[in-house]
Amino acid sequence: MACFVVPAVEAVAVTAAYIAAKKHEAKIVAPKLSEGNDFSENEKKITWSKRLSWLMGLLWGGVLLLAFEHFWHGEVVPFYPFLTAMADPADKAEMLHEMATVGVSMAVTVTAFWGVMCAIAQAKVKAVKNSLVKEK
């Protein structure tokens, strides 16, 4: 019924963190560019904003797909209270239980998958840097 709400809340938090990281990275890069310094090859890396954008894509994609699926099955409606389980007080407990079990497990699984993605990407970047150093 409302399992997509938990990943949606995480997606909103990750989006806010992405915006903050992007602004912070811009503040770091701007002085270097204004001084006319060139970036060396060693400074190339996967930034936090890039990593957070991967997590954002995974979360928002899943949320939109699940919201559409719930809409298709009539569990989400385009009028108040939006979730059909909210109309009946007896269904609220079932909805909260689903959010606590299914929603949290989906959010944790997606975040864990993203963590593995980031670790693999970091290992690949490190391997490429090491191979470039050996070639010189």
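The model is a predicted one, in which local features need pLDDT of at least 70 and side-chain atom pairs count only at pLDDT 80 or more, whereas totals for chains, interfaces and linings use all residues. Residues are numbered from 1 along each chain as its sequence is written, and side-chain values use heavy atoms, with hydrogens and water left out.

Phenylalanine 82 belongs to the loop between H2 and H3, the helices (H or I, at least four residues) and strands (E, at least two) being DSSP runs numbered from the N terminus. Although not a glycine, phenylalanine 82 has a positive phi of about 70°. Proline 81 is found in the loop between H2 and H3 as well, and the peptide bond that leads from tyrosine 80 to proline 81 is cis, with omega near 10°. Tyrosine 80 counts as exposed, at 70% relative accessibility.

The structure holds 3 aromatic pairs, a pair being assigned to rings of Phe, Tyr and Trp (its six-membered ring) whose centres lie within 6.5 Å, with planes under 30 degrees apart counted as stacked, over 60 as edge-to-face and the rest as tilted. One of these pairs joins tryptophan 48 and tryptophan 114 in a tilted arrangement, at 6.4 Å centre to centre and with 50° between the planes. This pair links distant parts of the chain, since tryptophan 48 lies in helix H2 (residues 48–72) and tryptophan 114 in helix H3 (residues 89–135), 66 residues apart. Tryptophan 48 is exposed, with a relative accessible area of 52%, whereas tryptophan 114 is buried, at 11%. Another pair is formed by tyrosine 80 and phenylalanine 82, which are edge-to-face at 6.3 Å centre to centre, with 80° between the planes. Arginine 51 lies over the face of tryptophan 48, at 5.4 Å from the ring centre, the criterion being that NZ of Lys or CZ of Arg is within 6 Å of the ring centre and within 35 degrees of the ring normal.

The axes of H2 and H3 come within 10 Å and cross at roughly 145°; axes are lines fitted to C-alpha atoms, for helices over the stretch in contact, and angles run from 0 to 180 degrees between N-to-C directions. In this contact (heavy atoms within 4.5 Å), residues of H2 including Trp48, Arg51, Leu55 and Leu66 meet residues of H3, among them Met106, Phe113, Trp114 and Gln122. The residues of the contact of H2 with H3 divide into 14 nonpolar, 2 polar and 1 charged, with Ala, Val, Leu, Ile, Met, Phe, Trp, Tyr, Cys and Pro counted as nonpolar, Asp, Glu, Lys and Arg as charged, and the others, Gly among them, as polar.

Glutamate 98 is placed in helix H3 and is buried, with a relative accessible area of 17%. Leaving aside neighbours within four places in sequence, glutamate 98 is in contact with Met1, Ala2, Cys3 and Gly103. The C-alpha atoms of glutamate 98 and phenylalanine 4, which are 94 residues apart along the chain, are separated by 9.8 Å.

For the protein as a whole, the secondary structure comes to 3 helices and 0 strands. Of its 136 residues, 24% count as buried.

Conventions
Buried means under 20% relative accessible area, exposed over 50%, partly exposed in between (1.4 Å probe, protein chains only).
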